[in-house]
Amino acid sequence: MIPLTILLVEDDYIDAMEFRRVIKKSLVEIEDIRICKYAEDALIALETWTPSCIFLDYQLPKTNGLELLKRIKRISPNIPVIVLTAQGDERIAVEMMKAGAMDYFPKSEINTEKLTKTFHTMSQMLQAEKGREEARRELAEKEEFINKIALLSPNIIYVIDIEKWTNIFHNKQIWKILGYSEDDLIVDGNNSFSKIINDQDKLTFRKHYHYMRHMVRGAEVVEKEFRLKHKNGSEVWIITREVPFKRDKEGMVMEVLGTAIDITSRKLAEKELIKAKKDAEEATRIKSDFLSTMSHEIRTPMNAIIGFTDLLLSSDFSGRDLEYLNTIKYSADNLMVILNDILDFSKIEAGKFELENFEFDLREKLGYLLKTFEVTARDKSIELIFQFDRNVPQILMGDAYRLNQILINLIGNALKFTDRGFIKLSVSLHEEYYDSIDLKIEVSDSGIGISEDKLSIIFDSFSQAHKNNATRYFGGTGLGLTITRKITELMKGSITAESRLGVGTTFTVILNFRKGDTSYKEEKNDKMQTISLKGYRILAAEDILANQVLLKHLLNKWEADFVICSNGKEVLLSLEKGDFDLILMDIQMPVMDGITATKKIRSSFPRHAHIPVIAFTADTFAEKTPEIMECGFSGFVTKPFKAEELMNVISLHLPVTN
């Protein structure tokens, strides 16, 4: 293993000493280790010294690890950089890896075994880089040599008799490429082909020259790639360009004139590119699987929470009980908005994020919003102030969920960085038009504030305004403000921030909403109370008990005849026993999943082949996956679902009565 030189950028003396202690215990030869406390010291050191690798603390004074990493990569792009964090954070990891980091470790996970493995991998990388550099140098020398003798014989030149399979002429370049010296060239011409053609390409070789002998017309140039055998047994790829050189009386080709070049390096590069492509595809698949699993595991229990809350709201609760239920429903809805925003962050980046447009009571929505923060504010003895200008229309039309998301992030941030004083939500009329208004929303606090030089970066992904012990105390990554800015821009609005250290911060959001109908009153789903599925037989597959109970309540309420199954195998058994008008199929189930069950229904149950099958899924990405698209689902309902959403999809396939 190559002796390593290490640069550690770490402002914490104790962490630096602990890192040095662990390195000494690792079974790795360390030639030199230098520690820099500040980013600028590290950059100065790199002007005159190139270490084998750099360990970089993500949280540094005056700057952040991401910015320092970018500057290091501009100076020395090939130095491996490992990022150290106070705690594991996948979002930090993704951003750092994008910027060129080799890996990242939470400091709590650094141990002798992990560092030894890392150094071993790093040594292999350095050795490989050394080999690549040597290969590049060797290639450059070959190119210089070829350029010098270009007028003589830059490529392999040969004439072969394809009737007798003998060598007539070659300029010896091929033997050099294949590793033979002048002393090795006492070769029987009749056996030369068998000596140099790769065994795997012998059939290709004969087919090619059969084509050359019988099919080539005139002076047609034919290109072909072959593998040859190097003297040491390795593969050497060449590409040939050949033309007929001599024909017999019948016009068949007897001899071929050809030139060839060595393309082994290109082939190796192609292999590396293919591997890199596969690695990138695998990374994308892993990310997709993670988001899919995260979506499923969180959204599945949320389905029961939201579903049963809706059922309770349809009962005869009143007064404070009704207020509590509405607050639970509001909080659950907002939690789903937050989850969806995180899961759909890539869609936001790609410009595929969709906005809703519906009427809502602005004062009521904001009232529910503030109730969700009352307990936290009370526990911190912070005054929560709500100021609503009387000139602002109460009924507006637009995306209330996205407005809530913006305010959740801003008020949540204010609570995080405020220990005393107040947090104030002010809503006023910024500009009024014929059928719309510009709404001005201000979230002010008396918290720790933000320095002026950090105000310009607080909306960037993974940025933080406070890079000191305060950051560790308060936590957070800054992603919330990034999402807030992006949503605001998607709503064609603007967001700005003003702040003074130790005094507080004010975020100002300007959004345009259409004016709503002043006679608007939020629907209480009276229509849903009277909808009936009486006379229809429904087969429902769901493995989560709470969701089974919810489905039973809804199907009983809608007067349907139904059977509940826990997996796809039970679905198939039920179909063997009777007929159904519609199937509700959960995608992820034990024993047999919904995809497999649906495929079997479509292929092995002719009587039920055209029955509508509506997919239940907690995975927001499931509908677009090729495997699911091929199943032939009649519709999709994403968990958590509302009763009216489920009924709307069912009513597309079964005529319902009111």
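Reader: Which residues are buried in helix H21 (residues 643–651)?

Author: This is a predicted model, in which local features need pLDDT of at least 70 and side-chain atom pairs count only at pLDDT 80 or more, while totals for chains, interfaces and linings use all residues. Residues are numbered from 1 along each chain as its sequence is written, and side-chain values use heavy atoms, with hydrogens and water left out. Buried means under 20% relative accessible area, exposed over 50%, and partly exposed in between (1.4 Å probe, protein chains only); helices are DSSP runs of H or I with at least four residues, numbered from the N terminus. In helix H21, the buried residues are Ala643, Leu646, Met647, Val649 and Ile650.

Reader: Is Ile14 buried or exposed, and where is Ile14 placed?

Author: Ile14 lies in helix H1 and is exposed, its relative accessible area being 63%.

Reader: How do I read Glu489, and where is it found?

Author: Glu489 belongs to helix H15 (residues 479–490) and is partly exposed, at a relative accessible area of 47%. Between Glu489 and Leu511 there are 9.2 Å in space, C-alpha to C-alpha, although the two are 22 residues apart in sequence.

Reader: How many disulfides does the structure hold?

Author: With a disulfide taken as a pair of cysteine sulfur atoms within 2.5 Å, the structure holds zero. Cys36 is buried at a relative accessible area of 10%, and Cys565 is buried at 2%.

Conventions. Helices (H or I, at least four residues) and strands (E, at least two) are DSSP runs, numbered from the N terminus.
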